[in-house]
Amino acid sequence: MAITRRQFLRRGAITIAAASLNQSQLSGAVRAIVLSGPAKKVLVLGAGMAGLVAAYELTKLGHDVTVLEARTRPGGRVHTLREPFSDGLFAEAGAARIPDNHDLTHKYVKEFALPLEPFYPSRLNALRFDRGDREEVPIEGFTDAMTRHFGEDLGGNPERWQKIKGGTDMLPKAFAELLGDKIHYGSPVVKIEQDGKQARVVFLNAGRQQTMTADNVLCTIPFSVLRNIELPALSSQKRDLIKNTRYDAVARVYLQTRNRVWEEKGLNGFALTGGAIEIWQPTWNLPGPRGILMTYARPGEAERITKLKESERIATTLKQLDGMFSGLGESFERGATKCWTEDEWSRGAWAFVGFANFGRGIAPDGRIHFAGEHLSQWSSWIQGALASGLRAVKEIDEFVKV
Ligand SMILES: Cc1cc2nc3c(=O)[nH]c(=O)nc-3n(C[C@H](O)[C@H](O)[C@H](O)COP(=O)(O)OP(=O)(O)OC[C@H]3O[C@@H](n4cnc5c(N)ncnc54)[C@H](O)[C@@H]3O)c2cc1C
């Protein structure tokens, strides 16, 4: 059963109060409820960060919002892996690091009163292999190697990087809890169409086709997936852009060990290989004795890893890391992997439509609006998904019904 706007606001107010926001923040949230026109029926496609923020803010504005999500969980590329790990340990499949200058990400983390903690450990040494020989360096040496390979955006002072305590998925879960049964899970969209009067979305529910109509549709489905959906109502320019936007590959391999053998050798489990594969220990501030080391490979290396069978990905990574952290092989218990190009609902890690296509990418096509990290200046970040979602909220709120 869908909740009413009044119930949504009440539920939001209760959660906000429980999250102990101060009175001025609370009244600020309530003051934001000013519709620029009549309430609209809006269908949001995708419950990733772009879709969730848009659904949340559109509902606060008083619009009638329904979200269709193909997966059985919210968050999309924000996904914390809790299985198959033991003792409550977890690691991130997608978004993990929040830099201090991502104001929108910080705004919503604060709005839901989610605690942040340092991303990097300040004790023990990291390893770097990117300058030739093996080097043991303080964590600043690791972020310096990151700057060298990926630029300031991914490096700099380690203290500027934080993570959400308990896992990044706490953020989408906070949005989803407020939206409640406005989100329809397990509902993959197969067709988006429109005429002069309304937009229509065809989706599957338990394998059966259903149709919903709306004044406006906000599509946050990654272009890599959208290109396989029927889009008869879109301009050929938009369809070309959707078809030709290239998505990057990312592969991650996780190794759970009985003990944190690297710590006995004065290492914190962070490293950058000669091929610029990052190695993290996401468990450095979780209770032991077990631990997880994980690799993070970007385009160039990620495609090679993705081609391997799961067991081979784990075996080759274990061999590689055993050479860096001696004793790892003996302590190894189980592995897991995540390769984003094989994820049915992402088909890649991230994309950017390109500066030449930016305006064409974000422009609505009639009643169909678009958002997602690929349509923002912060592509490949939560911040980008949020910014694009908020831009679309404004567009839809100001859309004039004819
Ligand atoms: C490996 C990796 C590392 C990252 N690291 C960071 C980081 O450290 N910090 C950071 O800030 N960001 C990071 N990001 C980026 C961040 O996760 C994304 O930018 C952001 O989550 C994208 O949100 P979105 O809403 O645009 O897309 P998505 O999260 O992809 O949301 C789209 C939603 O649409 C759904 N969907 C797809 N097809 C259909 C369909 N047919 N019907 C209905 N629903 C559908 C999907 O299931 C998904 O839920 C990382 C991403 C990856 C992949």
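**Around the ligand**

Colleague: How far is a backbone N or O atom of Ala 96 from an oxygen atom of the ligand?
Modeller: This is a predicted model, so local features need pLDDT of at least 70, side-chain atom pairs count only at pLDDT 80 or more, and totals for chains, interfaces and linings use all residues. Residues are numbered from 1 along each chain as its sequence is written, and side-chain values use heavy atoms, with hydrogens and water left out. A polar contact is a pair of N or O atoms within 3.5 Å (within protein, one must be able to donate a hydrogen and the other to accept it, and sequence neighbours count only if both atoms are side-chain atoms). For Ala 96, the distance is 3.0 Å.

Colleague: How much of the ligand's accessible area does the protein cover?
Modeller: Areas come from the Shrake-Rupley method with a 1.4 Å probe; for residues, only the protein chains shown count as cover. On its own the ligand has 1,000 Å² of accessible area, and the protein's share of cover is 99%.

Colleague: Is Cys 219 buried or exposed?
Modeller: Buried means under 20% relative accessible area, exposed over 50%, partly exposed in between (1.4 Å probe, protein chains only). Cys 339, at 2%, counts as buried. Cys 219 has a relative accessible area of 1%, so it's buried.
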